[in-house]
Amino acid sequence: MKPFLLLSCRPEDAAAEGERRSVLHFSGLPEDKLQQIRMEVAPLPILDLDEYSGVLLGGGPYNSSDPVKSEVQLRVEADLRRVLEDVFEDDLPFLGLCYGIGTVTAHMGGIVDRTYGEPAGPVHLRRTDAGHRDPILTEVPESFQAFVGHKEAVRELPDGAVLLVEGDACPVQMFRVQKNCYVTQFHPELDAEHFIERMQIYRHAGYFAPETLEALSEDARAAQVSPAVHSILRRFVEHYSR
C-alpha cells in the first residue's frame with residue numbers, strides 16, 4: 001500500500017507531533033504508512049502525489065483571512081496552492097482538517113472570513129441529505145457532537161462544493177469538491193484527551209481565555225463525542241488505500 005501524506009503547519013513541536021499521533025490513532029494507519037511534512041519548517045519540495053494514496057492537511061495557527069501575514073505563512077499558502085492545483089487537476093484523494101476548509105475555499109473562490117468563528121469546545125452538528133449518501137460518512141450519526149475551535153470559517157461555499165455537514169453557529173462544517181476532495185471545519189481527529197492536550201498548547205493563542213482552560217477541559221470530558229465521528233479518518237483511509 002502506498003503511504004498517505006500528512007501536511008502540517010504547526011510551529012509548535014508538541015502540536016505537530018500530537019496531530020500526527022491522533023491521525024495515526026483514528027485512521028488506523030501504521031507508522032510507516034503516514035509521512036508527515038511540516039510545511040512551516042522549509043519550502044515544500046516538488047511532490048509526485050501519485051506516490052501517495054491520499055493527502056491530509058492538518059490544522060494550524062494560520063487563517064486565510066488574516067489581514068497581515070508573515071513570510072512563512074505566505075510561503076506555506078503558496079506551497080498549498082501548488083498542491084491543490086495537482087489535487088483538483090486529477091481529483092486526487094484529499095482530506096483537509098480545519099485549516100484545510102479555509103484553504104480550499106479561498107483557493108476555489110469562496111468566501112472565508114470571521115463571521116462564523118467558534119470558540120474552542122464541543123458543538124452539535126448534523127449531516128445534510130448529501131452527507132447521508134456520502135461513503136466517507138456512512139458510520140456518522142445523523143446528528144452528533146465534535147470539537148471545534150476556529151477564528152474564521154466559510155461564509156460562502158465555492159462553486160461546485162457539496163455541503164455534507166452543517167451546524168447552527170457555523171453553517172458550513174464539511175463539504176466535498178469533485179469526487180475525492182473533502183474538508184472539515186470540525187476536528188474528526190480529536191477526542192476529549194487529544195482536544196485538551198491541544199488546548200494546553202494553544203492556551204495563549206486567542207481561542208479561549210487562558211484562565212478557563214480547566215473548565216474547558218471538564219466540558220470536553222463531559223461532551224458526548226461519539227467514536228463514530230473519528231470513523232471519517234478511517235473511512236477515508238480505507239476508501240482510498242491503494
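This is a predicted model: local features need pLDDT of at least 70, side-chain atom pairs count only at pLDDT 80 or more; totals for chains, interfaces and linings use all residues.

Residues are numbered from 1 along each chain as its sequence is written, and side-chain values use heavy atoms, with hydrogens and water left out.

Start with the sheet. Show the strands (DSSP E runs of at least two residues; helices are H or I runs of at least four, and both are numbered from the N terminus). An open, mixed sheet is built from 9 strands in the order S2-S1-S3-S4-S11-S10-S9-S6-S7; strands pair if DSSP finds at least two bridges between them. S2 (34-38) and S7 are the edges, each with a single partner strand, so one side of each has no neighbour in the sheet. S1 and S2 run parallel, joined by 5 bridges.

Next, select phenylalanine 4, which stands opposite leucine 34 in S2. (Rings of Phe, Tyr and Trp, the last by its six-membered ring, pair if their centres lie within 6.5 Å; planes under 30 degrees apart are stacked, over 60 edge-to-face, the rest tilted.) Phenylalanine 4 sits in strand S1 (residues 4-8) and phenylalanine 236 in helix H7 (residues 227-240), 232 residues apart. Both are buried, meaning under 20% relative accessible area with a 1.4 Å probe and protein chains only (over 50% is exposed, in between partly exposed).

Move on to phenylalanine 147 and phenylalanine 195. This pair is stacked, at 4.4 Å centre to centre and 10° between the planes. Phenylalanine 147 is in strand S7 (residues 143-150) and phenylalanine 195 in helix H5 (residues 192-201), so the pair ties together parts 48 residues apart in sequence.

Last stop: glutamate 189. Where does glutamate 189 lie? Look in the loop between strand S11 (181-184) and H5. Glutamate 189 is buried, with a relative accessible area of 0%. Its side chain makes polar contacts (N or O atoms within 3.5 Å; within protein, one able to donate a hydrogen and the other to accept it, with sequence-adjacent residues counting only if both atoms are side-chain atoms) with the side chains of histidine 187 at 2.8 Å and arginine 198 at 3.0 Å.
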